[in-house]
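Me: I'm new to this one, and I'd like to learn how to read it. Could you walk me through a few features?

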Amino acid sequence: MNSKKINCLKGDDEINNIEFIVATDLHYISPKADVDGELIEICQAKGDLKQMKYSSQIIDALIDEVIKHKPNGGLIICGDLTYNGEMVSHVDLMKKLQRIIDKGINIYVVPGNHDIKNYNAYKYKGAQKIPIKSVSPKIFKQIYYDCGYKKAIYKDEHSISYIAKISDDLWLAMLDTNLYQNNNWKNPVAIKGELSDSTYEWLEEHLKEAKEKDIKVIAVTHHSLVDHNDLLNKGYTLEDNQRLVELYAKYDVILNLSGHLHIQHIKPGYSKTVKNRKIYDIATSSLVVCRNQYAVLKYEPQKSIYYKTRILDVSRWAFEKGILDNNLLHFNYYSYNYAYSQTYKKIYFELLRRNLSEYEAKMMSSTLSKLNPAFFSGTVVEIYRIIEVSDNYKVWSLVSDIFYHKYIDSIMKEKKYDHNTLRLSLREDDGSFGDVIWNKK
């Protein structure tokens, strides 16, 4: 296959490789909805790992990074653009993203479960939470019209899913997996997700066309394609997920990008109908959770698809902007300590309520506080042995009946490998299509 034109950057002639930046779960809230920073205190009080205090600066740093990197494929955002679907947050976030579009760089978004018809959309002012407008699917498409919908070659009539043509031999299938139509005052936001029968029919029609034309498809969902963790799956993995796995397998889709979990994790789904076919789901970690990562995705025609995370350099961004906030100037240190302390605070007091001694509670809290940031950043492999042989870890056997013990075990017992890098073969001449490969050629 010769190099082919792509429709991403005006002025480009012919390009072999296509690069994207992938980010997810920004959870942006406009200052208009959090007037006095009340939400920050609420998040800190409940031990939330999302760094809401600096979410705006983190997003600005990402935008500058995208503009600097100039990915010729564009920026992919896998949902949960806003904290709770506030209309003012969507509008203000789009104003930020417009800087990327103005530089001729494409953006492709799908909504997350927090983004549409969310009955938890509030304005935080002082000690008050005042209900404010969220957005409908129609309004979401209007706000983000320039973020994929404008250039979509196919749009689903029954959801706000769409397919975008990136090049003559590459499409993005941006799939809306959310159940916001079920939201109401009693159940403000649906966590779980699925695709309707009509959306499956629409998707299959176009995947069939892609296969017939030898066009590769990378799929994007907010919800996970597979279970990434024994405990964190209900509401996070797509309902009837095997149906989508089999559809992907039938039409040679080998990669799905997702968010929702906030953890960095790579895991394949296994087809029961196509022999030896695996479809990899990459859950990219939330941008506003330690280690504040995004990913670079490179498509090399007839060779490979390569995914690699990068830590957002917020410190350098702050220095270049002349910002004097010490937390931002030493952001990696701040980010880790925030995740550690939030986990510690949440676990420590619960353990004391279990009639454990203060010494035991400190030992056990220390273990989980180290493990949690590693799990969220996909780096458990780096500290696994240290934790496994520690006395602090062994003390957890005292409370084997509580959720956090099961949570630790679910992390420690899984296979240990790098969740921040993946390269999949696109070669069909040697029979390696869809296999994981470790060398560039």
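Me: Let's start with charged side chains. Which residues are linked with K32 and D92 in a network of salt bridges?

Reply: The general idea is that side chains of opposite charge can pair when their charged atoms come close. Here, K95 joins K32 and D92 in such a network. Keep in mind that this is a predicted model.

Me: How many salt bridges does the count come to?

Reply: The count comes to 25 salt bridges.

Me: Let me try K216 and E428. Which parts of the chain does that pair link?

Reply: The side chains of K216 and E428 meet in a salt bridge at 3.4 Å, N to O. The pair links distant parts of the chain, with K216 in strand β9 (residues 216–220) and E428 in the segment after β15 (421–425), 212 residues apart. K216 is buried, its relative accessible area being 14%, while E428 is partly exposed at 49% relative accessibility.

Me: And D429, is that residue buried or exposed?

Reply: D429 is exposed, with a relative accessible area of 62%. D429 forms a salt bridge with R427, and their closest N and O atoms are 2.9 Å apart. R427 itself counts as partly exposed, at 30% relative accessibility.

Me: Now pockets. What should I look at in the largest pocket, and which residues lie nearest its centre?

Reply: The largest pocket holds about 960 Å³ of space. Its lining has 34 residues, and D48, K50, Y236, H262 and K346 lie nearest the centre. By kind, the lining of the largest pocket divides into 17 nonpolar, 11 polar and six charged residues.

Me: Which element gives the largest share of that lining?

Reply: That's α10, with four residues. Elements that each supply at least two residues include α1 (38–45), β4 (122–125) and α10 (331–352).

Me: What about the second largest pocket: what is its volume?

Reply: The second largest pocket has a volume of about 450 Å³. Of its 21 lining residues, I266, K267, P268, K415 and Y417 are the closest to the centre. Here β11 supplies the largest share of the lining, five residues. By kind, this lining has eight nonpolar, six polar and seven charged residues.

Me: Last one: how do I check a helix such as α6? What should its residues span?

Reply: Work from 1.5 Å a residue, then compare the ends. Helix α6 (residues 197–212) has 16 residues and should span 22 Å; the end C-alpha atoms are 23 Å apart, which agrees. Next, see which residues are buried: among them are Y200, W202, L203 and L207. What covers the buried residues of α6 includes β6 (152–155), β7 (162–167), β8 (170–174), β9 and α7 (241–250).

How values were computed
Residues are numbered from 1 along each chain as its sequence is written. This is a predicted model: local features need pLDDT of at least 70, side-chain atom pairs count only at pLDDT 80 or more; totals for chains, interfaces and linings use all residues. Side-chain values use heavy atoms; hydrogens and water are left out. A salt bridge is a side-chain nitrogen of Lys or Arg within 4 Å of a carboxyl oxygen of Asp or Glu. Buried means under 20% relative accessible area, exposed over 50%, partly exposed in between (1.4 Å probe, protein chains only). On a 1 Å grid over the protein atoms alone, a cavity is a set of points where a 1.4 Å probe fits but cannot get out, and a pocket is an open set with protein on both sides within 12 Å along at least five of seven lines; lining residues have an atom within 4 Å of a point. Grid points are joined across faces, edges and corners, and a volume is the space filled by probe spheres set on the points. Ala, Val, Leu, Ile, Met, Phe, Trp, Tyr, Cys and Pro count as nonpolar, Asp, Glu, Lys and Arg as charged, and the others, Gly among them, as polar. The expected span of a helix is 1.5 Å times one less than its number of residues. Contact means heavy atoms within 4.5 Å.
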